[in-house]
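Please keep the structure open beside them.

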Amino acid sequence: MAKGQLHEPSPAVTPEMVHAYQRDGHVCIRGLIDTETVLNYRPIIEEISESWRYEKRPIEERETYGKAFLQVHNIWQKSMLCKEIVFAKCFAHAASQLLGVESVRIYHDQTLFKEPGGGHTPWHQDQTYWPLEPGSTVTMWLPLSEITEEVGSMYFVSGSHEMGEFGAGGISDSSHDKIQKWIDSNGHIPFTHGAMALGDATFHSGFTLHSAKPNPTLETRPVLTVIYVADGAEILDPTPMQEFDLKLWLGGRQPGETVSSEINPQLYP
Ligand SMILES: O=C(O)CCC(=O)C(=O)O
């Protein structure tokens with residue numbers, strides 16, 4: 001795909017995928033963009049992630065969440081090239097189709113780099129942190145290198161997006177244990193889309209239960225995520241855990257208002 005096509009809807013998004021996402025709360029869109037495009041942007045994303053990294057402790061000294069990945073937020077505000085890929089219409093179009101809405105905004109982006117020897121990503125729900133209407137968010141998870149079977153992509157509990165808040169708390173050993181016990185006692189079998197090629201992306205809904213395995217390899221697993229919110233979604237009264245996000249990612253908008261600040265621009269159409 002030439003660079004210009006990053007800003008056009010991708011033919012890879014089909015009605016079957018939209019149906020699968022709405023039924024399961026997750027989907028993998030293979031070939032959303034081409035390999036070359038990912039490779040073009042990878043160096044700048046890696047550079048920004050490294051230069052803005054705030055976690056300096058050696059991995060052995062970190063708690064479970066800190067071992068799961070290095071995280072840098074809103075790279076679109078840190079580099080024009082990063083803004084170009086994060087704001088790509090091809091991704092935002094996919095998000096709008098999956099959410100079943102005409103228009104989406106960005107909530108925020110983040111890079112999630114699971115280091116060599118990085119630990120598992122504990123079971124959690126993203127929307128525990130977000131004071132936003134249920135069903136109004138979708139996260140794109142775009143690997144910046146091939147995901148082999150050995151590293152693996154995320155695990156999801158299909159259908160869990162319909163449950164709303166699980167009540168497991170923030171991402172931690174405790175959320176992992178509570179959700180894992182619930183999965184075992186209810187006979188759920190977590191689903192993974194497995195290995196992923198460059199240009200493939202998964203999308204999951206705000207309340208979908210998800211986790212990821214450790215990285216046993218000598219290579220970092222670099223991922224870019226972009227969180228989209230339906231245009232017109234209302235900001236809810238925050239729980240204590242959501243106060244931080246209300247202050248940071250909504251540009252001063254308040255509960256009862258819609259997501260509409262200048263740091264949440266409309267990305268599609
Ligand atoms: O990349 C990971 O290991 C976890 C990603 C995740 O939890 C998310 O994108 O919501």
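1. A pocket, as the word is used here, is an open set of grid points at which a 1.4 Å probe fits and which has protein on both sides within 12 Å along at least five of seven lines. The coordinates are those of a predicted model, and the comments below should be read with that in mind. By this definition the largest pocket has a volume of about 690 Å³, and among its 32 lining residues Tyr65, Phe69, Gln71, His73 and Gln110 are the closest to its centre.

2. Which elements each supply at least two residues of the lining of the largest pocket? They are the helices H3 (64-68) and H7 (243-249), together with the strands E2 (70-73), E3 (104-114), E4 (121-124), E5 (137-143), E9 (210-212) and E10 (221-230). The largest share, four residues, is that of H7. Sorted by class, the lining consists of 15 nonpolar, eleven polar and six charged residues.

3. The ligand has 14 residues around it, and those that come nearest are Thr121, His124, Trp141, His210 and Arg221. Taken alone, the ligand would expose 300 Å², of which the protein buries 97%.

4. Two asparagines in loops deserve a look. Asn74, in the loop between E2 and helix H4 (80-86), has a positive phi of about 45° although it is not a glycine, and because its relative accessible area is 1%, under the 20% cut-off, Asn74 is classed as buried. Asn215, found in the loop between E9 and E10, likewise counts as buried because its relative accessibility is 1%. The side chain of Asn215 reaches the backbone oxygen of Lys114, at a distance of 3.2 Å.

5. Why can helix H5, residues 89-99, be described as largely enclosed by the rest of the structure? The reason is that nine of its eleven residues are buried. Those buried residues of H5 are Cys90, Phe91, Ala92, His93, Ala94, Ala95, Ser96, Leu98 and Leu99. In general, an α-helix has 3.6 residues a turn, so residues three or four places apart point the same way. Directly on the backbone, H5 is followed by Gly100, for which phi is positive, near 75°.

6. Is Met241 buried or partly exposed? Met241 is partly exposed, because its relative accessible area of 36% falls between the cut-offs of 20% and 50%. This residue sits in the loop between E10 and H7. Met241 and Pro131 are 110 residues apart in sequence, while their C-alpha atoms are 9.1 Å apart in space.

7. A last point concerns the backbone geometry at one proline, which may be checked in the displayed model. The peptide bond that runs from Tyr268 to Pro269 is cis, with omega near 5°, and Pro269 is placed in the segment after strand E11 (266-268).

Definitions and conventions: Residues numbered from 1 in each chain as written. Predicted model: local features only at pLDDT ≥ 70, side-chain atom pairs only at ≥ 80, totals over all residues. Heavy atoms only, no water. 1 Å grid on protein atoms, 1.4 Å probe; cavity = no way out; pocket = protein on both sides within 12 Å on 5 of 7 lines; lining within 4 Å. Points joined across faces, edges and corners; volume = space filled by probe spheres on them. Nonpolar A, V, L, I, M, F, W, Y, C, P; charged D, E, K, R; others polar. Buried < 20%, exposed > 50% of the residue type's maximum accessible area, 1.4 Å probe, protein only. Near = heavy atom within 4 Å. Areas by Shrake-Rupley, 256 points an atom, 1.4 Å probe, with all protein chains shown as cover. Polar contact = N/O pair within 3.5 Å; in protein donor to acceptor, adjacent residues only side chain to side chain.
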